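Here's a quick tour of one protein structure for you. Take a look at the sequence and the 3D view before reading on.

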Amino acid sequence: MQAWRVHRNGEPGEVMRLEETDRPTPGDGQVLVQVLAANINFPDALLCRGQYQVRPPLPFTPGVEICGRTADGRRVLATPALPNGGFAEYVVADESALLPAPETLDDAEAAALHIGYQTGWFGLHRRARLRAGETLLVHAAAGGVGSAAVQLGKAAGATVIGVVGGSDKAETAAVLGCDLVIDRHSEDIVAAVKEATGGRGADVVYDPVGGDAYAKSVKCIAFEGRVIVVGFASGAVPAPALNHALVKNYSIVGLHWGLYNTKDPAAVRACHDELTRLAAEGVVKPLISERVGLGGASVAVQRVADGTTTGRIVVLPQGAVR
């Protein structure tokens, strides 16, 4: 089969190589899955760079989530077992962790309903306890992770303020349903949030960016607000001033969704059932900006790494790119 392999760490466009290799062999409790669609996530870039919290042995294949088909014909969502990730024609995955692909979504959309939406749901509902009528501030609102949080925030009845970088991304965030869009390139985030909330600030902040995004968020956080720390796409890990959190009475909440797969897998399945229901009702729908063939994966991963994309780019190893 064909698979993208990384033999040394570095930028995805430089270190990913498309090669012929053997199909992976399932171990105990695992199943072979034909990849129908592999969604590109920022952690795929971090894996290539050797900067992710999990460092698979070299060589490895990136690709942390897929929609695929099992030998018995089931269409499923899976997180492939590294080092044999999803940018390949076949993967192996733990049978117990397979989730049924929503019938209302095509392969690319289904692949993108997994990690990003699960992260958004756990962050907003389980960690931040977002309530209807509250104000949610979402950074990188036009990106893959942010766009999911925007849709889930609207589904929860929140007023959603999206922060983006550039006019094109601002248009995307508006289409997604943001009640207010702030272009960080030309607008003052803190002033805009305070004006929109009558000086109160945002009740919940969803931050997959870190760095300056975090610093500005805590300047416009409401009394008893919650900042959800999802990731550090900016490359800068903030150092929270705990005296500031004390004086303003807000919470800093960490979220590592992957832990739920081992700590509370039943919660992951319950979340998937809820996301499937929301997708069937048309309340959430992954924003797929591009579908590329297997040969275009390295360029696409590099673009995600560079932060130049909106929504999701999905790799279709079996063709049918559209």
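A quick word on angles first: axes are lines fitted to C-alpha atoms, and angles run from 0 to 180 degrees between N-to-C directions. Keep in mind that this is a predicted model.

**The sheet**
- Six strands make up an open sheet, in the order β10-β9-β8-β11-β12-β13, and they pair in parallel.
- β10 (180-183) and β13 (251-254) sit at the edges with a single partner strand each, so one side of each has no neighbour in the sheet.
- Ignoring direction, neighbouring strands here are turned by 20 degrees against each other on average.
- Strand β9 (residues 159-164) runs parallel to β10, and four bridges join the two.
- Take Gly-162 as an example: its bridge partner in β10 is Val-181.

**Helices on the sheet**
- α7 lies across β8, β9, β10 and β11, and it runs at about 165 degrees to β10.
- Helix α4 (residues 115-127) packs on the sheet too, touching β8, β11, β12 and β13.

**A closer look at Ala-192**
- You'll find Ala-192 in helix α7 (residues 189-196).
- Is Ala-192 buried or exposed? Buried means under 20% relative accessible area, so Ala-192, at 16%, counts as buried.
- Leaving out neighbours within four places in sequence, Ala-192 is in contact with Leu-180 and Ile-182.
- Leu-180 is twelve residues away from Ala-192 along the chain, and their C-alpha atoms are 9.2 Å apart.

**Helix α2**
- In helix α2 (residues 42-49), the buried residues include Ala-45, Leu-46 and Leu-47.
- Among the elements covering the buried residues of α2 are β1 (2-6) and α12 (297-306).

Conventions:
Residues numbered from 1 in each chain as written. Predicted model: local features only at pLDDT ≥ 70, side-chain atom pairs only at ≥ 80, totals over all residues. Heavy atoms only, no water. Buried < 20%, exposed > 50% of the residue type's maximum accessible area, 1.4 Å probe, protein only. Contact = heavy atoms within 4.5 Å. Pairing = 2+ DSSP bridges.
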